[in-house]
Amino acid sequence: MLYNSHSHFYDLNHCTIVNKSDDNVYIDSYFSIGIHPWNANKIEDNFFTVEHLAMNKKCLAIGEIGLDKLKGPDISIQKKVFESQVLLSEKLKLPVILHCVKSWNEISMIKQKLKPIQTWVYHGFNKVGILDEVIKTGLMISIGASIFTNLQLQNLLVKIPNNRLLLETDDANIDIYTIYEKVSEIKKIPLSELEVIIEENFNRIFINGKVA
Ligand SMILES: [Zn+2]
């Protein structure tokens with residue numbers, strides 16, 4: 001079994017966490033739910049839906065949530081919405097799938113301030129300059145399609161401890177298998193071994209204590 005920690009498409013061939021938009025209530029797969037920073041100005045309409053859907057047993061994470069300095073409403077609005085969803089993740093004991101664009105400083109400050117117990121998964125990680133800090137802060141690192149094109153990320157992949165690694169397809173229309181293949185080649189570990197590593201991480205972070 002292959003594990004995809006973040007996708008915008010349904011894929012019942014693998015164990016996939018589908019990122020639901022808040023208006024889509026059809027549930028047949030594991031999913032994550034949250035108000036994306038780009039939509040942070042629509043919180044009044046959506047927060048109740050998020051909270052309601054997050055209580056579904058197929059919901060494995062609050063996400064993707066976070067901060068984006070390139071898109072979306074003013075960063076002060078994004079911060080308020082992000083923080084309230086971090087508190088929701090703590091209340092419901094669900095990990096966070098984190099969207100972080102040019103906002104690592106703000107996000108790590110919020111983490112220091114709120115001191116969350118739930119795990120945060122840095123999704124679509126591709127900012128090699130902050131890798132050490134992200135590892136030190138205790139986040140899981142989810143690698144997606146940028147592993148094919150980002151040579152710096154390829155070079156630094158060995159520095160990500162095996163127990164911090166997750167894989168995802170995000171909005172790329174590819175099979176999660178191709179990410180597994182590439183990571184196994186770069187990390188020089190057999191595919192079968194990588195499968196065990198990712199399965200253990202996925203289960204530890206998302207499934208523990210939940211009945212499927
Ligand atoms: Zn995404």
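Two residues are taken to be in contact if their C-beta atoms, placed from the backbone, lie within 7 Å. Helices (H or I, at least four residues) and strands (E, at least two) are DSSP runs, numbered from the N terminus. This is a predicted model, in which local features need pLDDT of at least 70 and side-chain atom pairs count only at pLDDT 80 or more, while totals for chains, interfaces and linings use all residues. Residues are numbered from 1 along each chain as its sequence is written.

1. The sheet. Do look at this first: 8 strands form an open sheet in the order β1-β2-β3-β4-β5-β6-β7-β8, and the pairing is parallel. β1 (3-7) and β8 (165-167) are the edge strands, each pairing on one side only. From one strand to the next, the twist averages 30°. Two strands count as paired if DSSP finds at least two bridges between them.

2. β4 and its neighbours. Strand β3 (residues 31-33) pairs with β4 in the parallel sense over 3 bridges, with I33 opposite I62 in β4. β4 and β5 are also parallel, and 6 bridges pair them. Here G66 has H99 in β5 as its bridge partner, and D68 stands opposite V101 in β5.

3. Burial. A residue is called buried if 20 or more other C-beta atoms lie within 10 Å of its own, exposed if 12 or fewer, and partly exposed in between, with C-beta atoms placed from the backbone. In β4, 9 of the 10 residues are buried, so the strand is largely enclosed by the rest of the structure. Strand β5 (residues 96-101) has 5 of its 6 residues buried, so this strand too is largely enclosed by the rest of the structure.

4. A loop residue. N56 sits in the loop between α1 (43-54) and β4. N56 has 14 other C-beta atoms within 10 Å and is therefore partly exposed. From C-alpha to C-alpha, N56 and S108 are 29 Å apart in space, and they are 52 residues apart in sequence.

5. α2 and α3. Axes are lines fitted to C-alpha atoms, for helices over the stretch in contact, and angles run from 0 to 180 degrees between N-to-C directions. Helix α2 (residues 75-92) packs on helix α3 (residues 104-114) at about 40°, their axes being 11 Å apart. That makes the pair oblique (under 35 degrees is roughly parallel, over 145 roughly antiparallel, 65 to 115 roughly perpendicular, and the rest oblique). On the α2 side K79, F82, E83 and V86 meet E106, I110 and L114 in α3. These contact residues divide into 4 nonpolar, no polar and 3 charged (Ala, Val, Leu, Ile, Met, Phe, Trp, Tyr, Cys and Pro count as nonpolar, Asp, Glu, Lys and Arg as charged, and the others, Gly among them, as polar).

6. α6 and α7. How are helix α6 (residues 176-187) and helix α7 (residues 191-207) packed? Their angle is about 110° and their axes are 9 Å apart, so α6 and α7 are roughly perpendicular to each other. Y180, E181, V183 and S184 in α6 meet L191, L194 and E195 in α7. By class, this contact has 4 nonpolar, 1 polar and 2 charged residues.

7. β6 and β7. Lastly, strand β6 (residues 120-122) runs parallel to strand β7 (residues 140-143), and 2 bridges join them. V121 is opposite M140 in β7. α7 packs on the sheet, touching β1, β2 (15-20), β4 (59-68), β6, β7 and β8, and its direction makes about 95° with that of β8.
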